[in-house]
Amino acid sequence: MERIKDEVVAIFKFQKKPKGSPCKATTYRVFYFMKTKNYGLPYMGSKSKIAEHIINILPSGERFVDLFGGGFAMSHCALLSNKFNEVFYNEINPLLVPLIKDAIAGKYSYENFKPPFISRQEFHERKDLDGYVKYCWSFGNNGITYMFNPEIEKQKRSLHNAIVFNEFDEFFKSLFPDFKGWQINDIKERRLYLKTMLRKQAKRIDLQQLEQLERLQQLEQLERLQLNTGSYSGYKYKNGDVVYCDPPYENTAKYTSKGFDHKEFYNWVYNADFPVWFSSYEISDRRFVVVNEKKKKSLLNVARKTITEKIYTNKKAFEISKNLHSKKFLF
Ligand SMILES: C[S@@+](CC[C@H](N)C(=O)[O-])C[C@H]1O[C@@H](n2cnc3c(N)ncnc32)[C@H](O)[C@@H]1O
């Protein structure tokens, strides 16, 4: 699958000095610049960073079925992968399907939407009604706590209003006394310009809320997609479906107040008479085969420990995976 390029990431590698080199250094620092794509919405537990890896592991098929769709990263990646003709996105949280539909319809493009700054109070009033407010304005996209602490909120509002509405208050003027007004029309360009200006002053004040909004913009005009609000248990298998599940993991963040019944889910996967692949860390149920493992830094714990993401299968999916890429897998 093609890697889609979007945002620049620098990778530093050390290599041994080549033989015969006149250079005294024992190591050479080589800079690689590559670009990674963010898939889907800003969302806690998003698979954006490893979506391509997972899609590569799965077989191709008529329809990719994303039963715990959350922030849409897997569905988005599947749509762009050309491995499937259609994508079925399912999610129990009722705010997500409308948010995705709006993003696809272009509601969040800067041409249609000049985002007002959302205060802490507005966030708490609207977060359970409006998916945009809930996910783009919450801390770590957890949908629960407001993005900024009280001291920083005023500064963020100042920069936000300068970029979006050409409003320059005392805080902005104190940062940029020589600023004569924008020569740039595009809001994203203004944000990036301001970021550079702040860096020059050794100040790190990001406009995360606009960066999050720009992630919604990349969903515009996606097609070949069915969106459904409901529980995974209501899904009906169709021939040609590739069923992937990314449920809440054992002992990690809760997505609903009721929590998640892992036992019921494992029984459902085990008894399904169709292939099912699912992601998790270590699980308490021993009936499934791991067909792939990948180490990554967890964003869900503060210490950012390295954790191993695994892909489990039921018997039917295991047979398919075994025949697909036997060398790549663990068995
Ligand atoms: C780990 S997140 C999925 C993240 C997603 N793959 C992404 O990349 O953004 C798990 C999701 O399952 C949803 N969920 C919880 N219980 C569910 C159920 N019974 N049926 C469908 N979705 C459910 C949660 O609301 C949450 O969005």
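Gly61 stands opposite Phe84 in strand S4. The model is predicted: local features need pLDDT of at least 70 and side-chain atom pairs count only at pLDDT 80 or more, while totals for chains, interfaces and linings use all residues. Residues are numbered from 1 along each chain as its sequence is written.

Strand S3 (residues 61-66) pairs with S4 in the parallel sense over five bridges, two strands being paired if DSSP finds at least two bridges between them. From S3 the chain passes through helix H2 (residues 73-81) to S4 in a right-handed β-α-β crossover, that is, with the strands pointing away from the viewer, the path from the first strand over the helix to the second runs clockwise. S4 also pairs in the parallel sense with strand S5 (residues 225-229), over five bridges, and Gln226 in S5 is the bridge partner of Phe88. Six of the eight residues of S4 (residues 84-91) are buried, so this strand is largely enclosed by the rest of the structure. A residue is buried if 20 or more other C-beta atoms, placed from the backbone, lie within 10 Å of its own, exposed if 12 or fewer, and partly exposed in between. Helices (H or I, at least four residues) and strands (E, at least two) are DSSP runs, numbered from the N terminus.

In helix H10 (residues 262-271), the buried residues are Phe265, Tyr266 and Val269. They lie on the same side of H10, because they cover an arc of only 100 degrees around the axis, taken from the directions from the helix axis to the C-beta atoms. Lys263, Glu264 and Asn271 are exposed on the face turned away from the buried side of H10.
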